[in-house]
Amino acid sequence: MGRPQPSATTVAAIAIPLLVGAAVSVLLGVYAKTHEPSAFSVNIAGFSGPQAVKAWLATVAFLLALFQFVSALAMYGKLPVNAPSWISTAHVWSGRLAVLVSVPVAVHCLYALGFQQYDTRVLLHSLLGCFFYGAFVAKMLLLTRKGLPGWVIPVAGGLVLAALTGLWLTSSLWFFQNNGLTF
């Protein structure tokens with residue numbers, strides 16, 4: 001006996017958010033590649049410059065995403081401890097904060113720098129940036145669908161975390177290695 005086949009409704013419930021997420025990724029990449037970088041940058045008082053702001057905001061987003069991972073494991077009973085009653089609320093709000101903190105970084109990258117490919121690290125960073133927001137959009141849309149197989153949301157969340165990890169490694173970690181823990 002074979003596995004039961006998913007219904008057309010289930011396939012559509014997964015495929016449509018994935019297609020929308022893919023469209024977001026492509027549109028961000030096309031926009032970032034075709035517009036003329038404006039040198040517009042995000043800066044916050046107290047930081048030495050926009051690159052330091054980006055590195056630290058991305059680090060905060062990455063740490064919040066790591067909390068998302070651990071809190072998801074707790075919510076799904078995958079840790080050897082009982083999840084506290086507040087964990088699902090903390091999970092939702094840490095995700096919202098992670099995205100909110102990532103937006104100024106994305107704005108800077110899109111407007112000031114555009115899609116760059118002058119070396120492997122920068123190309124990978126540009127691709128991951130586009131993928132991250134597409135994966136995030138797909139995950140948010142998938143969360144609104146009922147009756148999905150149990151693996152869908154964890155896989156979508158894992159892709160978002162993997163993309164953000166890659167972004168952090170190709171930007172913030174690189175910045176800190178080359179500039180120290182500069183503010």
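This is a predicted model: local features need pLDDT of at least 70, side-chain atom pairs count only at pLDDT 80 or more; totals for chains, interfaces and linings use all residues.
The protein contains six helices and zero strands. Along the sequence the pattern reads α-α-α-α-α-α. The C-alpha trace spans about 60 × 40 × 25 Å along its principal axes. The chain has 183 residues, and 39% of them count as buried. The exposed surface comes to about 10800 Å². Carbon and sulfur atoms supply 72% of that surface. Among contacts with a sequence separation of 6 or more, 75% join residues 24 or more positions apart.

Two packed helices are described by the angle between their axes and the distance between the axes.

Helix α1 covers residues 8-34, and helix α4 covers residues 120-143. Their axes lie 7 Å apart, at an angle of about 155°. Angles over 145 degrees count as roughly antiparallel, and α1 and α4 are therefore roughly antiparallel to each other. Their crossing is right-handed. On the α1 side, the contact involves A13, I14, P17, L18, V20, G21, V24, S25, L28 and G29. On the α4 side, the partners are C130, F131, Y133, G134, V137, A138, L141 and L142. By class, the contact of α1 with α4 comprises 14 nonpolar and four polar residues, with no charged residues.

I16 also belongs to helix α1. This residue has a relative accessible area of 48%. The class of exposed residues begins over 50%, and buried residues fall under 20%. I16 is therefore partly exposed. Between I16 and L141 the C-alpha to C-alpha distance is 8.7 Å, across 125 residues of sequence. L141 is one of the α4 residues that meet α1.

Helix α6 takes part in two of the pairs, with α2 and with α5. Helix α2 spans residues 50-75, and helix α6 spans residues 172-179. The axes of α2 and α6 come within 9 Å and cross at roughly 130°. This angle makes the two helices oblique to each other. The crossing of α2 and α6 is left-handed. Q51, A52, K54, A55, W56, A58 and T59 of α2 make the contact with S172, F175 and F176 of α6. By class, the contact of α2 with α6 has six nonpolar residues, three polar and one charged.

Helix α5 runs over residues 152-170. The axes of α5 and α6 come within 3 Å and cross at roughly 20°. Angles under 35 degrees count as roughly parallel, so α5 is roughly parallel to α6. L167, W168, L169 and T170 of α5 meet S172, L173 and W174 of α6. The contact of α5 with α6 has five nonpolar and two polar residues, and no charged residues.

Helix α3 covers residues 87-113 and holds C109. The relative accessibility of C109 is 17%. Buried means under 20%, so C109 counts as buried. Neighbours within four places in sequence aside, C109 is in contact with K54, G114 and H125. C109 and L128 are 19 residues apart in sequence. Their C-alpha atoms are 12 Å apart in space.

How values were computed
Residues are numbered from 1 along each chain as its sequence is written. Side-chain values use heavy atoms; hydrogens and water are left out. Axes are lines fitted to C-alpha atoms, for helices over the stretch in contact, and angles run from 0 to 180 degrees between N-to-C directions. Helices (H or I, at least four residues) and strands (E, at least two) are DSSP runs, numbered from the N terminus. Angles under 35 degrees count as roughly parallel, over 145 as roughly antiparallel, 65 to 115 as roughly perpendicular and the rest as oblique. A crossing is left-handed if the near helix is turned anticlockwise from the far one by less than a right angle, and right-handed if clockwise. Contact means heavy atoms within 4.5 Å. Ala, Val, Leu, Ile, Met, Phe, Trp, Tyr, Cys and Pro count as nonpolar, Asp, Glu, Lys and Arg as charged, and the others, Gly among them, as polar. Buried means under 20% relative accessible area, exposed over 50%, partly exposed in between (1.4 Å probe, protein chains only). Accessible areas come from the Shrake-Rupley method with a 1.4 Å probe; for residues, only the protein chains shown count as cover.
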